[in-house]
Each structure stands twice: as C-alpha cells, then as structure tokens.
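Hello,

Here is the structure I promised to pass on to you. Have a look at it first, and then read my notes below.

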Amino acid sequence: IMPTGCCSNCGRVALKLLRCKGKCGGDASYCNKSCQKADWKMHKKICPVGGKSAQKLTFEMSHPPGHPFAELPNAAPVQAVRRMDAYGGSGMTLLYSDHLGIEPLMPYADLLFCCDDVEDTCEKAQWMGEGNHPYEAHVTSPVDPRVMWLKPEEAAFNTEKYGDAVNALMQHGIITDTGKKVQIGLYPEKFPICRIHAPQTNTIDEIRRQQKEREDMFASMGFQTMHLGGGGARSS
C-alpha cells in the first residue's frame with residue numbers, strides 16, 4: 001500500500017493505493033482490485049507472468065533520405081526509457097543501445113564526436129551503448145496538470161518533431177495510442193496521449209535535484225531561470 005497517488009487504470013487520486021506485487025516491481029498502483037483487473041491488458045506488457053517476457057524496449061531506428069544519419073551504413077540501435085518529467089508525469093527518451101554490440105554504434109560515435117582514431121571511436125561507441133548519450137532526448141512534451149490530467153503511465157508524444165520515432169515506438173509495441181489528444185503550446189496539431197509500456201526509471205526527487213543543479217548553474221553564469229506554465233511546458 002502506498003499513502004497517496006494516482007490509479008494507473010482510472011486516474012483517480014486516492015489516499016491509499018494498492019501497489020502491484022508482480023515482476024514490474026510495484027511500478028503500477030490501483031485504487032482497488034477491479035481497477036487492477038481492468039488495467040491488466042496494458043500492464044501485463046511490463047509485468048509478465050509465467051515464462052513470458054516483458055515488453056522489449058530496444059529496436060533499430062532507420063533514417064529516411066535527407067536525414068543527417070541517412071548515409072550511415074546501418075540503422076541506429078536504441079532503447080526506449082521512461083523517465084519522469086518536470087510535472088511528475090511520464091516522459092520518454094531514446095538512448096543509444098549496445099544490444100547489437102558496439103560495432104553498429106561506431107559510425108554514429110565517429111560522426112557525433114569526430115573521433116581521432118579507431119580506438120577513440122570504440123571508446124565513444126562503448127560509452128554511448130551504456131546508455132550515456134541520447135538519440136532523442138525527449139520524444140514527449142510535459143503536460144501541465146491544469147491543462148490535462150494524465151494517468152501515471154501516459155504521456156503526450158511530440159509527433160510534430162519526432163514523428164518517425166513515435167511511429168517506431170508504436171510499431172514495436174512500446175507505446176499504445178489511447179485516443180486522447182492535447183494541445184501543447186503553439187504547435188498547430190494536437191499531440192496524441194499514449195500509454196507507455198516501460199517501467200519508470202527515476203523519481204520526482206531526482207528531477208527536482210537535477211532542476212535545482214541546472215538553475216544554480218545558470219545563476220552562476222548570470223542567467224535568470226524562467227518557468228513557463230499553462231501551455232503544457234516547463235523549461236529553463
């Protein structure tokens with residue numbers, strides 16, 4: 001039981017929620033057993049039973065003609081990572097991955113870091129493959145709860161800037177379109193709200209600590225930090 005939070009099925013804020021005790025490690029919480037049962041079709045992707053495997057989060061991103069990476073010899077091996085955003089909701093980042101080994105990462109390391117030699121390229125590729133470098137830092141946009149209240153595993157996916165990545169995530173079953181949409185800032189088209197089939201990898205305390213460190217860094221450089229609300233965005 002957790003003291004307060006938001007039900008993963010109905011989205012209701014409750015004083016006491018039942019935390020899932022499955023292989024997800026308590027990633028989802030519910031206000032009652034009926035909600036837990038109703039959400040099982042979605043939740044089982046990250047909380048498998050028996051000998052089944054959880055949703056695979058690694059895949060390869062191909063690039064259309066004209067893309068900066070289009071001339072590279074292979075698609076980019078990436079992993080999808082669910083991270084908490086500045087409002088305490090869910091977001092998604094794509095990181096370079098070594099699930100195919102480091103060789104497929106070497107052309108990307110060489111292009112991104114202008115490596116000096118093969119040894120340098122190998123070192124940078126290995127570093128990238130350990131989840132240290134983003135392929136796309138954010139494929140989602142934070143949604144101000146005053147604009148729309150989202151369930152814990154839901155996020156607004158930026159199809160305007162990252163349409164190819166969003167389509168790939170859907171094709172690989174990592175996200176599911178809920179049918180809901182939200183207007184973000186001045187973007188002409190509403191963004192789809194999707195359910196993320198990946199466990200949360202950080203906490204709101206980490207987000208706040210990182211934000212404070214970023215604000216302190218900008219302050220030391222003489223910059224004033226601004227937070228924009230109401231339009232579904234918060235930035236420094």
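**What I found**

Let me begin with the cysteines: the count of disulfides, meaning pairs of cysteine sulfur atoms within 2.5 Å, comes to zero. Before going on, please note that this is a predicted model, in which local features need pLDDT of at least 70 and side-chain atom pairs count only at pLDDT 80 or more, while totals for chains, interfaces and linings use all residues. Residues are numbered from 1 along each chain as its sequence is written, and side-chain values use heavy atoms, with hydrogens and water left out.

I describe residues as buried (under 20% relative accessible area), exposed (over 50%) or partly exposed (in between), using a 1.4 Å probe and protein chains only. The closest cysteine sulfur to that of C122 belongs to C115, and at 9.0 Å it is too far for a bond. C122 itself is partly exposed, with a relative accessible area of 25%. C194, in turn, is buried at 0%.

C114 sits in the loop between α3 (106-113) and α4 (118-132). Helices (H or I, at least four residues) and strands (E, at least two) are DSSP runs, numbered from the N terminus. C114 is exposed, with 62% relative accessibility. Its phi is positive, about 50°, although C114 is not a glycine. For background, most residues other than glycine have a negative phi.

**The sheet**

Next, the open sheet: four strands in the order β5-β6-β7-β8, with antiparallel pairing. Two strands pair if DSSP finds at least two bridges between them. At the edges are β5 (58-61) and β8, each of which pairs on one side only. From one strand to the next, the twist averages 50°; axes are lines fitted to C-alpha atoms, for helices over the stretch in contact, and angles run from 0 to 180 degrees between N-to-C directions.

How enclosed is strand β7 by the rest of the structure? Seven of the seven residues of β7 (residues 90-96) are buried, so this strand is largely enclosed. Both of its faces are covered, with S90, M92, L94 and Y96 buried on one side and G91, T93 and L95 on the other.

On the β6 side (residues 76-84), β7 pairs in the antiparallel sense over seven bridges, and T93 stands opposite V81. With β8 (residues 134-136), β7 pairs over two bridges, again antiparallel; here the bridge partner of L94 is E136.

β6 and β7 form a hairpin with five residues between them, and G88 in the turn has a positive phi of about 85°. The loop between these strands also holds D85, which is buried at 12% relative accessible area. A polar atom of the D85 side chain lies 2.9 Å from the backbone nitrogen of Y87.

Helix α5 (residues 159-171) lies across β5, β6, β7 and β8, running at about 140° to β5. In the loop between α5 and β11 (175-182) you will find G173, which is buried with a relative accessible area of 14%. G173 is in contact (heavy atoms within 4.5 Å) with K45, Q55 and H197, leaving aside its neighbours within four places in sequence. G173 and L57 are 116 residues apart in sequence, yet their C-alpha atoms are 8.8 Å apart in space.

Best wishes

Key. Polar contact = N/O pair within 3.5 Å; in protein donor to acceptor, adjacent residues only side chain to side chain.
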